[in-house]
Amino acid sequence: MSFPRCDRTAAWAALQGHFQAHGRGLDLREAFARDPARFQALSFEAPEVFADLSKNLLDAATLHFLLDLARECGLEARRDAMLAGESVNLTEGRAVLHTALRAPRGAAPFSDEVHATLDAMLAFADEVRGTAKRDPEGKDRSGGPVAITDVVNIGIGGSDLGPRMAVAALEPLARSGPRLHFVSNVDGHDIDAVLRGLDARRTLFIVASKTFTTQETMANAHAARDWFDAQGGTDRAAHFVGVTTNLKAAAAFGITRTFGFWDWVGGRYSLWSAIGLPLAIAVGSAQFRAFLDGAHAMDRHFATAPLARNLPVLLGLLDLWYRNFHGFASRSVAPYHQGLHRLPAYLQQLEMESNGKGVDLDGAPLPYGTSPVVWGEPGTNGQHAYFQMLHQGTDVIPVEFILVRQPAHALRDQHAKLLANGLAQAQALMLGKTIDQALAEQAPTASATLDRATLARHRTFPGNRPSTTLLLEALTPRTLGSLIALYEHRVFVSGALWGINSFDQWGVELGKALCNALLPRLDSGDVAGLDASTAGLLQRLKGAHA
Ligand code: F6P
C-alpha cells in the first residue's frame with residue numbers, strides 16, 4: 001500500500017493557501033454572527049458521544065480541504081488494513097488488532113481465542129468479586145473460596161494507565177466489590193504505601209505485563225511476593241495471577257494462573273484484553289461486556305461512517321490542522337467529571353507514545369510536527385491553576401472539554417454548577433473581553449497607582465481561543481468504552497496522515513538500556529567513562545562528592 005505523505009499532496013498545498021487566505025484570521029465571534037447554523041453544521045453524533053466542533057478555528061472550506069487530504073493519504077484504505085489484521089505495525093512486523101478484542105464472537109480475526117480468554121478472565125473476575133460481596137469483612141468462611149477484600153494491580157504504562165483510569169471512572173459500580181489498588185512506579189514508596197494495611201490472606205495480586213520483563217513491574221512483583229511470604233501467606237498460587245503474553249516468564253515467577261493476550265495488542269491499546277482484569281473485578285463481567293460493546297459501536301462508526309461525519313476522522317484532521325498549520329504544540333483535556341481524573345494521564349501515553357515520532361515510515365526525518373503535548377486536569381480544578389494562561393497567556397492552546405449530562409450522585413446543585421463552569425470556560429475562551437467591556441466593568445477606585453485604562457488592559461481577554469466539547473449522557477461502561485475507542489481511532493487518524501508508525505515505541509528503549517548500565521555503578525561508585533554531569537550526580541548520590 002503506497003500513499004503520499006501528507007505534505008506531498010495537493011490537498012496540503014491547498015490547505016496552505018487556505019490557511020494564508022482565510023484560516024489564520026478566522027474569528028469565531030464573527031463566524032457565529034455570520035452563520036446562525038454554525039453549531040448545527042459543526043456538531044456531530046457518534047455512538048454515545050456528541051461532539052461540538054463549532055468553537056474551532058475552521059469552516060466548511062477548511063473541512064473540505066482536510067477531507068481531501070484524508071482521501072489523498074489513503075486514510076480509508078489504511079484504516080481498513082488495520083481492521084483487517086494486516087501488519088500495519090511495520091517496524092515490529094505485527095498486526096494491530098485491539099478492535100478484535102471488543103468485537104462480537106465471529107466478527108473479527110482471532111475471535112475464538114479472544115472470546116475463550118475473555119470468558120475465562122470474566123469468570124475469574126466474577127469469582128473474585130463474588131467472594132468480596134459474600135464476605136465484605138474478610139472473615140473466614142467455611143467451605144467456599146477465601147474472601148478477597150483487596151486487589152493490587154502491579155503494572156506500568158499500558159498495563160496500568162487504562163485499568164486505573166477506567167476503575168476510577170466507574171467507581172460507583174465498584175462499591176460492592178473488593179478495593180482496587182494500583183502500583184506502577186519502581187519507587188518503593190508506591191508499593192510500600194499500598195501494602196501497608198493489607199492482609200495477605202485477603203489480597204489478590206495481579207502482575208500485569210505484556211512482556212513480563214519490565215523492570216518496574218518485576219521489582220514490584222518481587223516485593224509483593226516477599227511481603228506475602230513475610231506476612232505468612234501460604235497459597236501463592238491463589239493470591240498471584242498473571243496477565244501477559246509471556247506465559248513462560250510468568251510460570252518462572254511462580255504464577256500458575258495466567259490470562260494471556262497477543263503480540264498484536266499494543267500495551268497502550270490493551271485495556272480491552274485481560275489487562276482489563278482489575279476493571280472486570282471492580283464492575284463485574286456484565287458491565288465489562290458493556291464497556292467492550294461501547295467500544296465496538298465506536299469501531300463500527302469509525303469503519304463505516306462517511307469521512308465527513310466520522311468523528312475520529314474529524315478530530316484527527318483537526319489535530320493535524322492545529323499542529324501543522326496553526327502551529328499549536330499542545331492540547332489541554334478538561335474532563336468535567338471527577339471520575340475522569342486519570343483520563344489526561346491515560347491519553348498522554350495513548351497519544352504521545354503513539355504519535356511522538358520524528359521519522360516517516362521510510363525512516364526519513366519529518367519536516368512537520370507530530371504529537372502535541374496532551375495534558376490536563378479535571379474541571380473545575382484546572383480553572384484555579386492554569387486556566388489563567390489558557391485565557392490570557394501568549395500561547396493559544398486548544399482545549400477539549402468533556403461534559404457529562406447526568407451525574408452518578410444526587411447533588412443536583414453541584415452538578416449544575418459543574419456544567420455551568422464547563423460551558424462558561426469554553427465561552428470565555430471564545431468570546432474574550434474587549435477593553436471597552438473591561439472599562440465599563442471596572443471600579444474607578446480599584447488602584448491608587450494605576451490609571452483606569454492601564455487596569456482595564458490587564459482585564460482584557462483576547463478571545464477567539466478554540467475548544468471542542470464532547471458530551472456524554474452519563475459516565476457508564478458503555479459510554480466510557482465509546483469515548484476511549486474514539487480517542488484510539490483519532491490517534492490512528494493523525495498518525496496515518498503524518499505517515500508515521502503509531503504502534504511502536506522505540507523512544508523508551510534508550511533510557512532503559514542506560515539505566516541498566518548505570519544500576520551497578522550506583523553500587524560500585526565507578527564513574528569511569530561517564531559524561532561529567534552524570535558522573536558528578538552519581539557521586540553525589542553515593543555521598544562521595546567531598
Ligand atoms: O514504556 C514502554 C512500554 O513498553 C509501554 O509501551 C508499555 O505499555 C509499558 O512499557 C509496559 O510494558 P509491559 O506491559 O510489557 O510491562
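# A guided tour, starting at the ligand

Begin by selecting T214: an N or O atom in its side chain is 2.5 Å from an oxygen atom of the ligand. Taken alone, the ligand exposes 390 Å², and the protein buries 87% of that; accessible areas here come from the Shrake-Rupley method with a 1.4 Å probe, and for residues only the protein chains shown count as cover.

Before moving on, a note on what is on your screen. This is a predicted model, in which local features need pLDDT of at least 70 and side-chain atom pairs count only at pLDDT 80 or more, while totals for chains, interfaces and linings use all residues. Residues are numbered from 1 along each chain as its sequence is written, and side-chain values use heavy atoms, with hydrogens and water left out.

**Stop 1: around the ligand**

A backbone N or O atom of K210 lies 2.7 Å from a ligand oxygen atom. Next, pick Q349, where a polar side-chain atom is 3.1 Å from an oxygen atom of the ligand.

Now widen the view. There are 14 residues around the ligand, and G158, S159, S209, T211 and T214 come nearest; a residue is near a molecule or strand if one of its heavy atoms lies within 4 Å of it. If you compute pockets, the space taken by the ligand is the largest pocket. A pocket is found on a 1 Å grid over the protein atoms alone, as an open set of points where a 1.4 Å probe fits, with protein on both sides within 12 Å along at least five of seven lines. A molecule sits in one if more than half of its atoms lie within 2 Å of its grid points.

**Stop 2: helix α9**

Select residues 215–230, which form helix α9. Helices are DSSP runs of H or I with at least four residues, strands are runs of E with at least two, and both are numbered from the N terminus. How far apart are the end C-alpha atoms of α9? They are 22 Å apart, which agrees with the 22 Å that its 16 residues should span at 1.5 Å a residue; the expected span is 1.5 Å times one less than the number of residues.

Buried means under 20% relative accessible area, exposed means over 50%, and partly exposed is in between (1.4 Å probe, protein chains only). Step just past α9 to G232, which takes a positive phi of about 85 degrees.

**Stop 3**

Select R268, in the loop between β7 (257–260) and α12 (277–283). Is R268 buried or exposed? With a relative accessible area of 4%, R268 is buried. Show S354 as well: a polar contact of 2.7 Å joins the side chains of R268 and S354. A polar contact is a pair of N or O atoms within 3.5 Å; within protein, one must be able to donate a hydrogen and the other to accept it, and residues adjacent in sequence count only if both atoms are side-chain atoms.

Then go to D504, in the loop between α20 (477–498) and α21 (509–524). D504 is buried too, at 5% relative accessible area, and its side chain makes a polar contact of 2.6 Å with the side chain of T91.

**Stop 4: backbone geometry worth a click**

Which residues does a cis peptide bond join? Select G379 and T380, where omega is about 10 degrees. T380 belongs to the loop between β9 (373–375) and α16 (387–392).

E48 sits in the loop between β1 (43–46) and β2 (49–52) and is partly exposed, at 31% relative accessible area. F110 is another non-glycine with a positive phi, of about 60 degrees. Look for F110 in the loop between α5 (75–84) and α6 (111–134); its relative accessibility of 36% counts as partly exposed.

**Stop 5: distances to draw**

Select A10 in helix α1 (residues 10–23), which counts as exposed at 53% relative accessibility. Draw a line to E72: the two C-alpha atoms are separated by 8.1 Å, and the residues are 62 apart along the chain.

Finish in helix α6 with V128, a buried residue at 5% relative accessible area. From V128 to G507 the C-alpha distance is 38 Å, across 379 residues in sequence.

Note on methods: 1 Å grid on protein atoms, 1.4 Å probe; cavity = no way out; pocket = protein on both sides within 12 Å on 5 of 7 lines; lining within 4 Å.
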